[in-house]
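Keep the viewer open and follow along, chain by chain.

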Amino acid sequence: MSNKLKIACSFILFFNLSFAQNINWKLRESESFISYQAKHLLHPWKGVNKNVRGIVSKVDNEKKINELAILILVKDFDSNNTGRDAHALEALEVLSYPEVRFYSNSIELNVDSVNIHGTFDFHGVTKNQTIIAEYVEDIEKWKIKGNFTLKLTDYNMELPSFMMIKMEDFLNFEFELIFDKY
Amino acid sequence: MKRSNLLFIICFLLIQLMMGQQKESLFNQIELEVTNQELLPSSMIFTQRFLWGERGLMRKSNILPLTIENRKKELQIRRKMLIAHQVIGYVTLVGMIAEGILGTKLYNGQHNYKDTHVVIGNITTASYFTGAGLSLFAPPPLISRKNKGLTSIKAHKWLATVHFSAMIATNVLSESNKKHHRAASYTLFGSYALAVLSFKF
């Protein structure tokens, strides 16, 4: 093996190992939420999930976020109507797809906003999605807040209907996620 | 190839492989208290428990043992039964409106409508109990939450108790007491129409 190749490989190893110095910020579940708003011809409604799990991975002492992983369980969404929630679980085939995952390793921090390029794993379909959020950072926490829209039929969902009329194809999500620094 | 080179390459590949597992390991770090999705709700009405409960008829007879695969099938059956419940509910409401019109004509002395009133009454009663049966005996949902305040589903269920009793009273009193039959039928129509209208998506 030539010396040049060894040097190149060593450089890559060093670069990768430097990632091993990452620190993690864990999501503060008690103050974080993700909610959706959906619409039917008759009325809109909203469901909230207050059991969000997540983690941020970053290089210590650097203003750079490497990775973000969010995991929620479909059953944790509550729209204050047990019949509707039960129907949603059936429509989302929760017994086959109990989780929704979002993962990103491409996060651009701007002055007070963050562009998160990641993938949603929802209802057995994986799709790319860019989310733009506001962020606030202090000594104790890193908070991101924003919204995004998912098109249900993109995720092979059959739209539930009521009075023979299907609900709208879009779910508008809002989120506020607080990560504890430690 | 020199032994030291081989060792270097193996180390290099191993570390690259480890880095490739980053995404999964990050999710593994999320302390997910994975509570498996319960297959049955915490509470269900007695008719559903009789058929679909943990020790229900379907389980004991081994027709549909309680498994994830069977629950998936049951939820499809449930959806079809509830859609039929909705459609039959609207048909029943139309029948009740027709009965209201015919009943008023009878009270006003137009007795030639009596046979039609009886026939439509019987059809409406049959469709009412068919619709009720579809709801009462449908496989249970996955969850049953106790929501705060008055919700459409709560109103729908409370009103069901009223119109179910009123439907029985309307039929029992049809020959014996005209005055009470009329009062029962008004109660039936009012509570039933409200139950249909109050139900939200």
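## Ground rules

Throughout this report, a residue is called buried when its relative accessible area is under 20%, exposed when it is over 50%, and partly exposed in between, using a 1.4 Å probe and the protein chains only. With that cut-off, 37% of the 201 residues of chain B count as buried. For chain A, the share that counts as buried is 49% of 182 residues.

This is a predicted model, in which local features need pLDDT of at least 70 and side-chain atom pairs count only at pLDDT 80 or more, while totals for chains, interfaces and linings use all residues. Residues are numbered from 1 along each chain as its sequence is written, chains are lettered from A and ligands numbered from 1 in the order in which they are written, and side-chain values use heavy atoms, with hydrogens and water left out.

## The two chains

Chain A has 2 helices and 13 strands. Chain B has 8 helices and 0 strands, and its pattern along the sequence reads α-α-α-α-α-α-α-α.

Contact means heavy atoms within 4.5 Å. If you take the contacts in chain A between residues at least 6 apart in sequence, 58% of them join residues at least 24 apart; for chain B, the corresponding figure is 68%. As for surface, accessible areas come from the Shrake-Rupley method with a 1.4 Å probe, and for residues only the protein chains shown count as cover. Chain A has about 9,200 Å² of accessible surface, 53% of which belongs to carbon and sulfur atoms.

## Helix packing in chain B

Let's follow the helices in order. Axes are lines fitted to C-alpha atoms, for helices over the stretch in contact, and angles run from 0 to 180 degrees between N-to-C directions. Helix α5(B) packs against α6(B) at about 155°, with the axes 8 Å apart. This makes α5(B) roughly antiparallel to α6(B); the classes are roughly parallel for angles under 35 degrees, roughly antiparallel over 145, roughly perpendicular from 65 to 115, and oblique for the rest. The contact of α5(B) with α6(B) has 12 nonpolar, 12 polar and 2 charged residues, where Ala, Val, Leu, Ile, Met, Phe, Trp, Tyr, Cys and Pro count as nonpolar, Asp, Glu, Lys and Arg as charged, and the others, Gly among them, as polar.

Next, α6(B) (residues 114-136) and α7(B) pack at about 145°, with axes 12 Å apart. Among the residues making this contact are B:Y128 and B:F129 of α6(B) and B:F164, B:M167 and B:I168 of α7(B). By class, the contact of α6(B) with α7(B) has 6 nonpolar, 4 polar and 2 charged residues. Finally, α7 (residues 152-176) and α8 (residues 178-198) of chain B pack at about 155°, their axes 7 Å apart. That makes α7(B) roughly antiparallel to α8(B), and their contact residues divide into 12 nonpolar, 12 polar and 2 charged.

## Residues to look at

Is B:R71 buried or exposed? B:R71 sits in helix α5 (residues 68-107) of chain B and is buried, with a relative accessible area of 0%. Not counting residues up to four places away in sequence, B:R71 touches A:L95 of the other chain as well as chain B residues including B:L39, B:R59 and B:P140. In chain A, A:Y182 lies in the segment after β13 (170-180) and is exposed at 59% relative accessible area. Leaving aside neighbours within four places in sequence, A:Y182 contacts A:N24, A:W25 and A:K26. A:Y182 and A:K141 are 41 residues apart in sequence, with their C-alpha atoms 8.9 Å apart in space.

Two backbone angles also deserve a look. Most residues other than glycine have a negative phi. A:H123, which is not a glycine, has a positive phi of about 55°. A:H123 is in the loop between β8 (113-122) and β9 (125-137) of chain A and counts as buried at 6% relative accessibility. B:N62 has a positive phi near 65°; B:N62 is in the loop between α4 (57-60) and α5 of chain B and is exposed, at 54%.

How values were computed. Helix = DSSP H or I, 4+ residues; strand = E, 2+ residues; numbered from the N terminus.
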